[in-house]
Amino acid sequence: MTDVVEVAVVGGGPTGLMLACELALAGISVRVLERRLEPVRQSRALTLHPRSLEVLALRGLDGRFLERGMPLPTGHFAMLDTRLDFSALDTTFKFTLFLPQLVTEMLLEQRARELGVDVRRGHEVRELRQDADGVELTGTAGGQSFRCRSRYVIGADGARSIVRQLSGIGFVGTDTSVTAVLGDVVLAEPPSTPVVSVINGRGGIMIVPLSPGLHRVLVVDPERMHAAAREEVTFDELRWSVMKIAGADFGMREPQWLSRFGNETRLAEAYKAGRVLLAGDAAHIHFPAGGQGLNVGMQDAMNLGWKLAGVLREVAPSSLLESYHRERHPVGDALLRNTEAQTALMNFTPSVLALRDMMSGFLKNPVLNRPLAERLGGMDTVYPELELPAPACEGELVKTSTGRRLPDVALKLPSGAVKRLYSFMHEGKWLMLQLRDDGGPAVRLDSRWMRWTNVVQAHLGEEREELRGLRGVLLRPDGHVGWAWA
Ligand SMILES: Cc1cc2nc3c(=O)[nH]c(=O)nc-3n(C[C@H](O)[C@H](O)[C@H](O)COP(=O)(O)OP(=O)(O)OC[C@H]3O[C@@H](n4cnc5c(N)ncnc54)[C@H](O)[C@@H]3O)c2cc1C
């Protein structure tokens, strides 16, 4: 017996769950097939960067995450002594949120279920076959086989993605050449500052808070960095490396999770093959430096969800889906390059230590610090103009802000009330922001546009250089500018 849904998402990690939420919000029937029976128990990824928090705020979800995490106004690039200053960024979220991945996944799954997503645990996908009208997945669940037919399939099934493999999409890059280890441990004598890094000729360590009483200790030890990623980490190894590098073990005990990870670096050649789309680690893997993988996966999901929903609801042409690869593949590529650069800097020879010192010095200059903070925080992504016909408008098309994200600016409504821009984006639709004084329609939206667009008339409640002189802005559901008119 074959079940039929509009979209099947393979993988119930953060990327798959976020995508499922976006699709369900648009009324699409979606099923998540996840092979694990239980949610993950290890902390895994720790950071939600500023753009991910904005993405959550665009759907009114930021509060749920903020109340569970710990904000930190800085991030790191290659564990350099000078940290990246998120507090200088042009956003409501001038920090990274420390939140274990298991909590992120739990909150996303909760939201998915609220929206009616059919999350099926214990379902492992093994085969995939696509034809002109859809895709058939087969797999096993509880010793039985299952079939699921859908119009589209999303491979959010992580680095070893079977969806990617069965779709014949190349995963091009390099094998692991360097490994590092981490331990989530109790520290009887924790450092006095929230984040500590110690770097010297003996190696590098970074210690960050995880939850009350628990710390994450990361170690790059030149004597151990060629150990195979699959080699088990022991507590003694972790403590020995920390003692050697820092001269103290901080009273380390009770390891909750020990892991060795490497710098295998690969990017999917195509994010779309027919009716199959890839997102998250299924599309890009890299050394987890700067805490970016989960964040980029969630942002892939935000880019793809509304497009796929628009195509399925027949308000957008299927060609809109091609823009997913066009927009997100370069972001994946840039992610790989910045993590490669960080890996090169996590070496502790005298020449690399000298280079690290120089870079740390440069980063004390806010003019140099900010672009790197924007890059890691996910704030600097600008998309090319969409290959959709722009709606008719009396005004002149202005391209300077095309594809840029808009921050959560204050808007003054005709009633006199002040509301934030993102509060109008919770439904996951386009937003026509009319900024004209006379209240007349700056842009004429035909019935097709009106089906997935909300219209708000307002004045800016704050000075914004990028919006000066504009009469109307049509904002994509992911918060980037589609078109703007003067
Ligand atoms: C040590 C370490 C620290 C990290 N720290 C950070 C950090 O601080 N910040 C950050 O942003 N990122 C970090 N990352 C990266 C982050 O963990 C990943 O990028 C993130 O988990 C990717 O999410 P995903 O949903 O794309 O894939 P995954 O989390 O890998 O989820 C894929 C899901 O698919 C399921 N699946 C796989 N195959 C099948 C199948 N055949 N059928 C059904 N289900 C299947 C899996 O069970 C899994 O649940 C870190 C990674 C490591 C290793």
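Modeller: Of the 31 residues around the ligand, Glu34, Arg36, Asp281, Leu294 and Asn295 come nearest; a residue is near a molecule if one of its heavy atoms lies within 4 Å of it. This is a predicted model, in which local features need pLDDT of at least 70, side-chain atom pairs count only at pLDDT 80 or more, and totals for chains, interfaces and linings use all residues. Residues are numbered from 1 along each chain as its sequence is written, and side-chain values use heavy atoms, with hydrogens and water left out.

Three of these residues can be described by polar contacts, a polar contact being a pair of N or O atoms within 3.5 Å. In Glu34, a polar side-chain atom lies 2.6 Å from an oxygen atom of the ligand. For Arg36, an N or O atom in the side chain is 2.5 Å from a ligand oxygen atom. For Asn295, the corresponding distance to an oxygen atom of the ligand is 2.8 Å. The ligand taken alone exposes 990 Å², and the protein buries 88% of that; accessible areas come from the Shrake-Rupley method with a 1.4 Å probe. The elements that give two or more residues to the shell around the ligand are α1 (14–25), β2 (30–34), β9 (123–130) and α7. Such elements are DSSP runs numbered from the N terminus: helices (H or I) have at least four residues and strands (E) at least two. By class, the shell around the ligand has twelve nonpolar, twelve polar and seven charged residues. Here Ala, Val, Leu, Ile, Met, Phe, Trp, Tyr, Cys and Pro count as nonpolar, Asp, Glu, Lys and Arg as charged, and the others, Gly among them, as polar.

A cavity is a set of points, on a 1 Å grid over the protein atoms alone, where a 1.4 Å probe fits but cannot get out; its lining residues have an atom within 4 Å of a point. A volume is the space filled by probe spheres set on the points, which are joined across faces, edges and corners.

The largest cavity contains about 80 Å³ of space. Its lining includes Arg51, Asn303, Tyr383 and His480. Helix α7, which also contributes to the shell around the ligand, gives the most to this lining, with three residues. The lining of the largest cavity has three nonpolar, five polar and three charged residues.

The second largest cavity has a volume of about 40 Å³. Among the residues that line this second cavity are Thr179, Asp221, Glu237 and Arg260. β13 provides the largest share of the lining, three residues. By class, the second largest cavity is lined by four nonpolar, two polar and four charged residues.

Technical notes:
On a 1 Å grid over the protein atoms alone, a cavity is a set of points where a 1.4 Å probe fits but cannot get out, and a pocket is an open set with protein on both sides within 12 Å along at least five of seven lines; lining residues have an atom within 4 Å of a point. A polar contact is a pair of N or O atoms within 3.5 Å; within protein, one must be able to donate a hydrogen and the other to accept it, and residues adjacent in sequence count only if both atoms are side-chain atoms.
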